[in-house]
Each structure stands twice: as C-alpha cells, then as structure tokens.
Amino acid sequence: MKNVINIVNFIRGWDKRVDFDLKESVAEQARLAEEYNLPVTFLYQYDAMIQPEYINILKGCRAKIEFGVWIEFSRVLIEAVGLKWRGREGFEWDWHSCVDMTVGYTTDERRIIIDEIMRCFKDIFGYYPKTAGSWALDAYSIKYMEQKYDIEAALICKEQWGTDGYSLWGGYNSSAYYPCVNNIFCPAQSSAQQINVPVFRMLGGDPVDQYMNGIGTDIQTVESMEPAYGCSGSDRNWVEWYLKETFNDRSLGLNYCQAGQENSFGWEAMKDGYSMQMELFDEKRNLGEIDFELVSETAGKYKKIYSMTPVRTEEAHKENSSTIWYNSKYYRSNLYYRNNQIMLRDIFVFNEKYKERYFDTVTVDEKLYFDNLPLIDCFRWSKDGKIGGGYFKKDGKIVNAVKDFTVHKIDDSTVYADIETKSGVIRLTYNEKSIAFEFPTDGFTFEAVVYKGKNSVVGFDSNKILCSYCDFDYAAALSDAVCEIRENGYAIIPDKRSFEIKF
C-alpha cells in the first residue's frame, strides 16, 4: 500500500443555503462510479438517511460502494434524542459549530446523538458503518464509536485556519495517523494513549500554496482537490500537477488523497471538475500508478502495516516554489522555498498530554479550534506583509538559497534537505524525534520572527527550549547551541556549525 485515493462523497438532506436539488449530484456521482468502475464511499448525514429517496438513489448502483456516516447534526436528529434544537430560526440544519458539530455538545449528549445515528444506519443497512467522517470530530466521540460500534476509520478536514469558522492547525499534515485519547488532532506517542482508529485528512490541499493563502489575516481561502474550486480541483493542469507531486517514490509513508465532493455544492458547480477527475483517475488506475479503495479498506490495510503512526513526508515542487512536510508522531515541520527565499514555515510539537479544547467542555459559538503546540507558526505570526517564521542568518543577515533545495531519503524515517547558499550548503536532517541543522561555515544562526500573536518560546534552561501555549507548558531539547529570547521572537545560536532540536 503506497499510493491510494479514497473517493468520498458525503450527503446532506437539507441545506438552506441552496435552491437546487441536492439529490442530483449524488445520482451523477453514482453514474460516474459505474461508468469508470471506481469504488466510492458515500457518507450519509442523518437528515439524508431518513429520506428514502436518498437511499434509493444508490440502491441500484453497480459500482463498488461503501456506506458510512457523516457526523453533522440537524434539527430532526437533535429532537429525535430529546434535546432542544439550538440552531437559528428557520434552519433545519445550521453549520455553526456550536449547533452542527460534536464539540457543541457535552459528552453525555454526544453519546446519545451518536447512538441515534448508528441505530438509524443499522435499521436501513442492516449493519453498523465502518467509516465516520466530519469536518471536525473529537477524541471522545471517536473512542466511543470505536469501543461501541467498532468503526475502522475516521475522516476530518485538511489543515485550515478560520475557513467556514473551522480551524484545524498544526496537525499531522496529510495521509493518516492514530490520534491520542486526549486530542484527536494529536498523534499518540504511546500505545497506551492511542485510539486505534486511523484518522485520514480530507480534501487534498495544495502542499505548497495552501498554507500561505490568506496569510496575515484570520481566514484562509481554499486550494484543494475539491472539484468545485476553479483554481485547483476543477483545473486539469493543477490536478495533474497535484497527482504527480503526491503519488511518487520521493515521499515516506502512505501517499494518500481523499477526492470527491459534498452534495451541497450542487452538480452544476462540480460537474466539470468531478468528471475530469474521474477520467484522470481511470487512467491512473489502469496504468497501475494509483490504487482506488473504499475508506474502510484502506483503514484495514493501514492497521495491518502500522501499529503506531509512521513517519510521513510530502515533497512538492512548482516552477518557483517548493516545500517538504515532515510528519512523525512527535512533531511536524515544513521547509519552504520561493524565489530563492528559504524558511521554515512551521514546527509543531505533538504531546499526548495536551488536551483538545473540548475535552471536557463545549464550544458556544460558530467557531471551533483544534491545534497542537507551536515552535514556529508562520501563518499566525504574520501581518501586514511581514512574514513570520524561521529564517537562516549569517552575520546577522538573512540567507537566501541559490536554487531550490533537494531532498534525499536515508531510511524509512529519515530524510535530509540540502539548501545551497552562496556560503555553502545548509543541511537539515529530519528523523522521527529530531531535526539536525548543519551549516557550512561559522557565523550562522537560526532565528524565529513573530510579527503577530504571542511567541510560544518563553525561556531556555538546562539545554531545553521552554515553551508555553494555551496554559500548557512544554519543551524541546537543544544540543550544541543556546536559545535567546528576542523582542519579536527567538534565536538559536550554535556553539560551532551545527545543532539539534529533539522532541
């Protein structure tokens, strides 16, 4: 299992925002699944499950299909379990997080709502679903569904900040991971704290440019495989680029993408992109380049191969910009190149003791947040055209690259990136628990700059970078260097020509 796409379409029964027939896109998606003989996972929201016409659309489909659940809450579901509907007046389904998502409800309420979803599904299909998805799910709900209903897989949204009110930031950036019991967004570091349900990241975001969309603001725009988006998922050139950069032998771990589209966009908006993608998928499948599977099939294979979260890298190049994401169960990091500028956009620490915001409380407004622990956070540290993040300096001046960096694999968990500069090559070596920095000459430093928000690094003591975020204290070990707190960030000054950060 190396290159896998899951085609996933989720189905809402009501949506006040639209005036078209929500059933049309479901029927067309089923038709194309038959035409190309590609497996598709359909996830039913409760309000679609209780309407027989949505079930009947897919009854006669001759393609290989998996049925699962999409966990968003509508009025008919909430009232079915005896709770008061909290949505806005006139809304049968309200997308605000405090109404729509599990995190808007207490754990007792989450259980009875999930029980009703599962009861309804089993009454219709005769079995419990193996796959559950939502833009955001919490650790308690995933653990509950694993223990009581034996779900195999979960899906949540890609990385984004502020989009539609949902912020999922600083997680295992792509593919799949095993979450911890305290925080669905954090990979477990120990088997004792692990939920044995792989969580797949949805939508196939642009690994190079998605991160920078909306930088300096509080809301990101979207560049993803969603076929309704003209600049990405509906653009054949972009899709071909994305497939080429994602599905190759350069990366470590599972090369993965979720394709498909929710029916709320309507067939008119998605038909060109969806049809084009299915044609490309058929070509890739027939060439043996990509495997197409149901979500539960991929999850089953993942669990057989990986007992804990593996290392996953994602390397992608455009004409004048490139990136590599490194993910392990201990941290993630992102190296970014654009027009000879080079920086670390991102380092987030994973700590299974860091509890998600809604572990024992609820969200009370339209927004929700899932995150991890920042060491570098370019997007949230930038404003007014000033880009925060981690920069290489020599004798106090920012160092640029002569050309794009190159990445080399050492083993299944280790890669190094070489950055050629006028002073020689800077090498970053990533392994599961650390990042090693090597410089070609004396005089180099690594400096993190914060233009907006709060610097998470608060001190340095006993060879440890001391950090605090959301009232949670954490640290990263630093060898062969010292860390100095600056007015707008911090600097790591090596003793000689190298240092290592250990997580």
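Please keep in mind as you read that the model is predicted.

- Glu447 belongs to strand S25, which spans residues 444-449.
- Is Glu447 buried or exposed? Its relative accessible area is 11%, and because the cut-off for buried is under 20%, Glu447 counts as buried.
- Lys393 is another polar partner: its side chain and that of Glu447 are joined by a polar contact of 3.3 Å.
- Leaving aside residues up to four places away in sequence, Glu447 touches Gly389, Gly390, Tyr391, Lys393, Arg486, Tyr490 and Ala491.

- Helix H3 covers residues 52-59, and its buried residues are Tyr54, Ile55 and Leu58.
- These residues span an arc of only 100 degrees around the axis, so they sit on the same side of H3.
- Pro52 and Lys59 are exposed residues on the face of H3 turned away from its buried side.
- The cover over the buried residues of H3 includes strands S1 (3-11), S2 (40-44) and S3 (65-70), together with helices H1 (22-36), H2 (46-49) and H6 (107-125).

**How H6 and H7 pack**

- H6 also meets helix H7 (residues 139-149): their axes come within 10 Å and cross at roughly 45 degrees.
- Why are H6 and H7 called oblique to each other? Angles from 65 to 115 degrees count as roughly perpendicular and those under 35 degrees as roughly parallel, so the crossing at roughly 45 degrees makes H6 and H7 oblique.
- The crossing of H6 past H7 is right-handed.
- On the H6 side, Thr107, Arg110, Arg111, Ile114, Asp115 and Met118 take part, meeting Tyr140, Ser141, Tyr144, Met145, Lys148 and Tyr149 of H7.

- Leu137 is located in the loop between strand S4 (131-133) and H7.
- With a relative accessibility of 2%, Leu137 counts as buried.
- Met101 is 36 residues away from Leu137 along the chain, yet their C-alpha atoms are separated by 7.4 Å.
- Beyond residues up to four places away in sequence, Leu137 touches Ile71, Thr102, Ala132, Ile142, Ala154, Leu155, Ile156, Ile184 and Phe370.

Definitions and conventions: Residues numbered from 1 in each chain as written. Predicted model: local features only at pLDDT ≥ 70, side-chain atom pairs only at ≥ 80, totals over all residues. Heavy atoms only, no water. Helix = DSSP H or I, 4+ residues; strand = E, 2+ residues; numbered from the N terminus. Buried < 20%, exposed > 50% of the residue type's maximum accessible area, 1.4 Å probe, protein only. Polar contact = N/O pair within 3.5 Å; in protein donor to acceptor, adjacent residues only side chain to side chain. Contact = heavy atoms within 4.5 Å. Arc of directions from axis to C-beta. Axes fitted to C-alpha atoms, helices over the stretch in contact; angles between N-to-C directions. Parallel < 35°, antiparallel > 145°, perpendicular 65-115°, else oblique. Left-handed = near helix turned anticlockwise from the far one by under 90°.
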